[in-house]
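Trainee: I have a structure open and would like to go through it. Can we start with the surface?
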Amino acid sequence: MDPSAAASASLVVRSPRQTVSLLRSRRPQFGRPERERQRQRNPKRGREPAAGPKPSEVYGFVGSITVVIATAVYLAWAYTPEPALRSLGITYYPTKYWALAVPSLAMVALALSLLAYLGSNFVATPPPTSFSAIFDEYSRERPAAAVPVDAATAQEEEEEEEAERPIEPISDISIHHINNLMFGDH
């Protein structure tokens, strides 16, 4: 390899992170253990990160296993005939009535809770004729613009105003202005 090719390879533009990582990897460490080198690089860390799974992962795993086992026990109890359970020595268990009653009650409770949620939203919503449906604490009305007589004059004035004024902040349009646009002057 000729010297000009080696010089051009060393002049490659790199990010500062790449440069620092290359410098660290080239530096001789003289037999220090890896953990000691990591502590020296990052002195703010008082201790090493905990090894093993996070508590939330453990709880999720245990919870999922518990649900699977409970479902299997429930289905075994619900579908196994009573004489078979007695022959296995299982004599203390709820009646089969609860195998249908608990899921039915859960489904009815879910449906009623959805209806209660919808009903509470309807109760909390103001009627359409209420002024709180038109104005709230964040409302800010724009001043009504004067309507010019001539269309050409209107276009010229509009172009001049657009060039001079900044973009207006978002604001509500007056209900009177909307009624005037939709239904005209009466």
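Trainee: Which residues make the nonpolar surface patch of about 710 Å²?

Mentor: Val58, Tyr59, Phe61, Val62, Ile65, Ile69 and Val73 make that patch. Patches are made of residues with over 30% relative accessible area and no salt bridge, where like charges are joined within 9 Å and nonpolar side chains (Val, Leu, Ile, Met, Phe, Trp, Tyr) within 5 Å. Accessible areas come from the Shrake-Rupley method with a 1.4 Å probe, and for residues only the protein chains shown count as cover.

Trainee: What kind of model is this?

Mentor: This is a predicted model, in which local features need pLDDT of at least 70 and side-chain atom pairs count only at pLDDT 80 or more, while totals for chains, interfaces and linings use all residues. Residues are numbered from 1 along each chain as its sequence is written, and side-chain values use heavy atoms, with hydrogens and water left out.

Trainee: How many helices and strands does the protein have?

Mentor: Eight helices and zero strands. Both are DSSP runs numbered from the N terminus: helices are H or I with at least four residues, strands are E with at least two.

Trainee: What does helix 4 meet in helix 6?

Mentor: Tyr74, Trp77 and Ala78 in helix 4 meet Trp98, Ala99 and Pro103 in helix 6; contact means heavy atoms within 4.5 Å.

Trainee: New topic. Which residue forms a salt bridge with Arg86?

Mentor: Glu82 does, with the closest N and O atoms 3.4 Å apart. A salt bridge is a side-chain nitrogen of Lys or Arg within 4 Å of a carboxyl oxygen of Asp or Glu. The structure holds one salt bridge. Arg86 and Glu82 both lie in helix 5 (residues 82-87), four residues apart, or about one turn of the helix.

Trainee: And why does Glu82 count as partly exposed?

Mentor: Because its relative accessibility is 30%.

Notes: Buried < 20%, exposed > 50% of the residue type's maximum accessible area, 1.4 Å probe, protein only.
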